[in-house]
Amino acid sequence: MMSAIAARYLWQLSASEASTLMESRKVSPVELLDAVLERYDRLNPLLNAIVALDADGARDAARESEQRMMQGKRASPLDGVPITIKDNIHVKGFRATWGSLLYRDFLPPRDDIAVARLRAAGVVIVGKTNTPEFALSGFTDNRVFGPTRNPWDTGMTPGGSSGGAVSALAVGMAPLALGTDAGGSIRRPASYTSTVGLRPSTGRIARAHGFPGLAGDFQVIAPAARTVADIELLYRCMSGPDPLDPASLACAAMSDGSGERSRRLRIRCVTSVGDTPIDQEIVSEVRAAAAVLGSLGHQVEEGSAPYDPDTIDGIWGTLSAVGLARVVAKHPDWRERVHPTSVVTGERGAAITAVQYVEALDAVIELRRKIAQEFEVFDVLVTPTSGAHPWPIGIPYPKQIDGRPAGPRSSAVFTTFVNAAALPAINVPITPSASGMPIGMQLIARYGADETLLSLAREFESARPWSARWPKIALISP
């Protein structure tokens with residue numbers, strides 16, 4: 001079946017391209033799976049992106065997909081397409097360690113809703129990808145599996161907490177990945193690896209079976225891929241309400257922004273937040289990318305951030321610490337089994353009063369009202385996805401940005417407010433740095449306007465395509 005394309009290039013296919021070739025029977029799901037498994041064998045030992053593999057189960061699923069393909073009965077456009085799934089998402093048949101020794105042997109009894117929808121669509125689950133402990137860090141490392149490396153520079157982190165997902169994507173271990181995003185966990189790693197990561201509106205992808213949220217409803221299921229078209233395929237496969245998730249029922253009643261596809265948009269470009277240090281090379285490239293949107297007919301103006309970073313950090317610090325404290329309290333020996341940073345966070349969370357916690361929830365409500373009002377003035381926010389470039393393995397966060405001292409949340413200054421406000425946001429790759437490392441631009445729309453966001457991202461991709469960029473490590477491997 002490979003007369004149309006050489007076997008060695010199957011791993012470079014996007015999900016959309018692979019689907020078209022399978023529809024015309026020029027490539028089989030089994031051949032595609034074999035290609036990505038070969039990538040795993042060659043590159044995963046260097047990157048540590050995939051931490052659990054089920055080659056036999058994946059081959060069984062690929063063979064079933066091939067049978068449907070030959071009968072002209074493909075289950076969906078994604079039938080036969082390989083995917084990896086982050087290790088904090090419940091997938092029946094795979095351990096879900098959450099990056100922690102506390103859950104090293106935990107086997108989920110069932111798939112989460114999004115995973116079940118993927119299986120029904122015929123998607124081939126290849127394995128689970130690495131995440132930091134409890135998916136709380138901006139870098140990917142843990143005491144169960146160790147660090148994941150950035151394929152653009154293996155001495156650097158791919159970020160977190162979906163670092164394993166994007167590292168696998170960036171070298172062709174699968175054309176699709178499923179992660180989560182509670183404070184930028186898919187968007188920032190995507191920006192560090194020249195991939196696309198979408199944080200949908202809260203409730204757009206239903207959830208019911210999984211680990212408890214550590215920061216209220218901030219965390220969502222988050223698709224990642226190498227192209228916007230692939231993100232759209234994956235998003236549409238999983239999105240939609242489910243009675244088990246009330247937030248999904250509320251989101252389903254919202255307009256998705258599809259009526260805005262042809263309208264020129266009012267875009268505010270924000271490249272600074274308070275006195276937080278931001279790398280000026282990133283600022284320059286984001287402004288240039290925003291100018292491209294202006295050249296496409298959109299109204300682009302520079303403006304200020306519609307949120308206070310200290311308020312966001314306070315909300316995040318309170319909710320995530322209390323969330324972690326309630327999880328670890330179920331394990332009497334947790335202090336001996338989690339990372340020292342998690343011990344500090346868990347103990348801090350246990351000391352937070354009920355009044356302080358409810359005050360943080362009140363602040364979230366107030367933020368969402370304020371942001372809704374701001375979106376009456378503009379349609380889309382454009383920002384850097386991260387305020388910093390990737391930093392070395394073994395360091396939890398960049399200690400300096402733009403020659404100035406930086407804190408643990410400095411690189412996340414543009415992303416966490418999105419989760420607090422329940423908004424949809426997407427990272428798209430823009431012109432790389434002078435050193436060749438990827439840079440990402442974040443597009444943010446009002447709550448529920450996911451289609452507006454995807455349409456704008458697709459426009460930008462058409463004007464400045466990036467899918468031909470591959471890290472050297474991917475191209476020098478046979």
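These legends go with close-up views of pockets and salt bridges in a predicted model. Residues are numbered from 1 along each chain as its sequence is written, and side-chain values use heavy atoms, with hydrogens and water left out. Local features need pLDDT of at least 70 and side-chain atom pairs count only at pLDDT 80 or more, while totals for chains, interfaces and linings use all residues.

**View 1. Here's the largest pocket, with a volume of about 720 Å³.**
A pocket is an open set of points on a 1 Å grid over the protein atoms alone, where a 1.4 Å probe fits and protein lies on both sides within 12 Å along at least five of seven lines; lining residues have an atom within 4 Å of a point. The volume is the space filled by probe spheres set on the points. Here 28 residues do the lining, and L136, S137, F139, T341 and T345 sit nearest the centre. The lining splits into 10 nonpolar, 11 polar and seven charged residues.

**View 2. Next up is the second largest pocket, at about 290 Å³.**
Its lining has 17 residues, with R207, G216, D217, Q219 and D245 closest to the centre. Sorted by type, that lining gives six nonpolar, seven polar and four charged residues.

**View 3. D217 and R368 join side chains in a salt bridge (2.8 Å, N to O).**
The two partners are 151 residues apart: D217 is in the loop between strand 5 (196-199) and strand 6 (220-225), and R368 is in helix 13 (residues 354-374). A salt bridge puts a side-chain nitrogen of Lys or Arg within 4 Å of a carboxyl oxygen of Asp or Glu. D217 is partly exposed at 33% relative accessibility, and R368 is partly exposed at 25%. (Buried means under 20% relative accessible area, exposed over 50%, and partly exposed in between, using a 1.4 Å probe and protein chains only.)

**View 4. D181 and R187 pair up in a salt bridge, 2.9 Å from N to O.**
D181 is buried, with a relative accessible area of 0%, and R187 is buried at 0% too.

**View 5. R337 and D333 form a salt bridge, with their closest N and O atoms 3.4 Å apart.**
R337 is partly exposed at 26%, and D333 is partly exposed at 33%.

**View 6. Meet a salt-bridge network made of E232, R236, E451 and R458.**
Across the structure, there are 22 salt bridges.

How values were computed:
Ala, Val, Leu, Ile, Met, Phe, Trp, Tyr, Cys and Pro count as nonpolar, Asp, Glu, Lys and Arg as charged, and the others, Gly among them, as polar. Helices (H or I, at least four residues) and strands (E, at least two) are DSSP runs, numbered from the N terminus.
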